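Please look at the sequence and the 3D structure shown below. The paragraphs after them go through the model step by step.

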Amino acid sequence: MKKIFLLAVVASGLAFGQSKKVVASDVHWWGYKVAKSEASSHEGTVNVKSGDMIMKGNDLVGGSFVLDMTSISATDLSGDYQQKLNGHLKNGDFFEVEKFPTASFKITSVKKNSDKIYNSLVTGNLTVKGKTNAITFPAKIAYSKGVVSLVSEKFSFDRQKFDVAYKSTMQDVFVKDDIEMLVKVTAK
């Protein structure tokens, strides 16, 4: 009986995949004013709170990540200017981190991509401020010696689809709707 149970556990692992826990991450963001330039932009980071990637053989087939929105921080400023922008990002003008302390991304599919560097197209459901929308981005995915890494190409998503907007509609005229991101995640 024990052998049958052990065989069932091993077989289910092969059928459904092996979960790898996220051990390192770097999530970088860029936001722009209407005139998109370095002079009219801000950039920063947000931490991955937890996550896993599901492998089936040598292929990434799923996974999920939780972003700690309370960690969102501008890295292009310092001192009072940085503190002011960080507060602005965290309050009701943008991410409302007191009400929505986390965001999440759940991988729904991974397909081959013809690009030589970014060999995969990752599609998933991004949830920010309780709103969920599908996004797809190119990524370089590598798996070796039990470690999987995912490095996205810089991609963008429309913040308006997630209700990430100034409360004053006039203010939104000055900020581009697209937020750009670059994601690096390692799991083992």
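The buried residues of helix 2 are L85, N86 and L89. Viewed down the axis of helix 2, these buried residues fall within an arc of 100°, so they line one face of the helix. An α-helix has 3.6 residues a turn, so residues three or four places apart point the same way. What do the buried residues of helix 2 pack against? Their partners are strand 1 (18-32), strand 2 and strand 3. On the face turned away from the buried side, helix 2 carries the exposed residues D80, Q83 and K84. The length of helix 2 can be checked as well. Helix 2 covers residues 79-90, which is twelve residues, and at 1.5 Å a residue it should span 16 Å; its end C-alpha atoms are 17 Å apart, so the two values agree.

Before going further, note that this is a predicted model. The mean pLDDT of the protein is 89, and 85% of the residues reach 70 or more. Over residues 2-14, however, the pLDDT is below 50, and this stretch has three contacts in the model beyond near neighbours in sequence. Where pLDDT is low, the predicted coordinates should not be read in detail.

Now take the protein as a whole. It has three helices and nine strands. Read along the sequence, they follow the pattern α-β-β-β-α-β-β-β-β-β-α-β. Of the 188 residues in the protein, 36% are buried. The protein exposes about 11200 Å², and carbon and sulfur atoms supply 56% of that area. Contacts can also be sorted by distance along the chain. Among the contacts with a separation of 6 or more, 56% are between residues 24 or more positions apart.

How many residues does the largest nonpolar core have? It has 39 residues, and those with the most contacts inside it are M53, M69, F95, F105, V122, F137 and L150. Strand 3 (residues 59-74) gives the most to this core, with six residues.

Leaving aside neighbours within four places in sequence, M53 is in contact with Q18, S19, K20, L60, G62, G63, F65, V148, L150, V185, T186 and A187. L150 lies in strand 7. Is L150 buried or exposed? Its relative accessible area is 3%, which is under the 20% cut-off, so L150 counts as buried. Not counting residues up to four places away in sequence, L150 touches M53, L60, V122, F137, A139, K140, I141, V183, K184 and V185. L150 and A187 are 37 residues apart in sequence, and their C-alpha atoms are 8.8 Å apart in space.

Two serines come next. S41 is found in strand 2 (residues 41-56). S41 counts as buried because its relative accessibility is 11%. Apart from residues up to four places away in sequence, S41 touches G31, Y32 and D76. S120 is placed in strand 5 (residues 120-128). S120 also counts as buried, because its relative accessibility is 6%. Which residues is S120 in contact with, leaving aside its neighbours within four places in sequence? They are V110, K111, K112, N113, F137, P138, A139 and I141. S109 is eleven residues from S120 along the chain, and the C-alpha atoms of the two are separated by 10.0 Å.

Most residues other than glycine have a negative phi, and most peptide bonds are trans. K145 has a positive phi of about 50° although it is not a glycine. K145 is found in the loop between strand 6 (131-144) and strand 7 (147-152). With a relative accessible area of 84%, K145 is exposed. D163 has a positive phi of about 60°, and it is not a glycine either. Where is D163 placed? It is in the loop between strand 8 (155-158) and helix 3 (169-172). D163 counts as partly exposed because its relative accessibility is 36%.

Methods. Residues numbered from 1 in each chain as written. Predicted model: local features only at pLDDT ≥ 70, side-chain atom pairs only at ≥ 80, totals over all residues. Heavy atoms only, no water. pLDDT = per-residue confidence, 0-100. Contact = heavy atoms within 4.5 Å. Core = buried A, V, L, I, M, F, W, Y, C linked by side-chain atoms within 4.5 Å. Buried < 20%, exposed > 50% of the residue type's maximum accessible area, 1.4 Å probe, protein only. Helix = DSSP H or I, 4+ residues; strand = E, 2+ residues; numbered from the N terminus. Areas by Shrake-Rupley, 256 points an atom, 1.4 Å probe, with all protein chains shown as cover. Expected span 1.5 Å × (residues − 1). Arc of directions from axis to C-beta.
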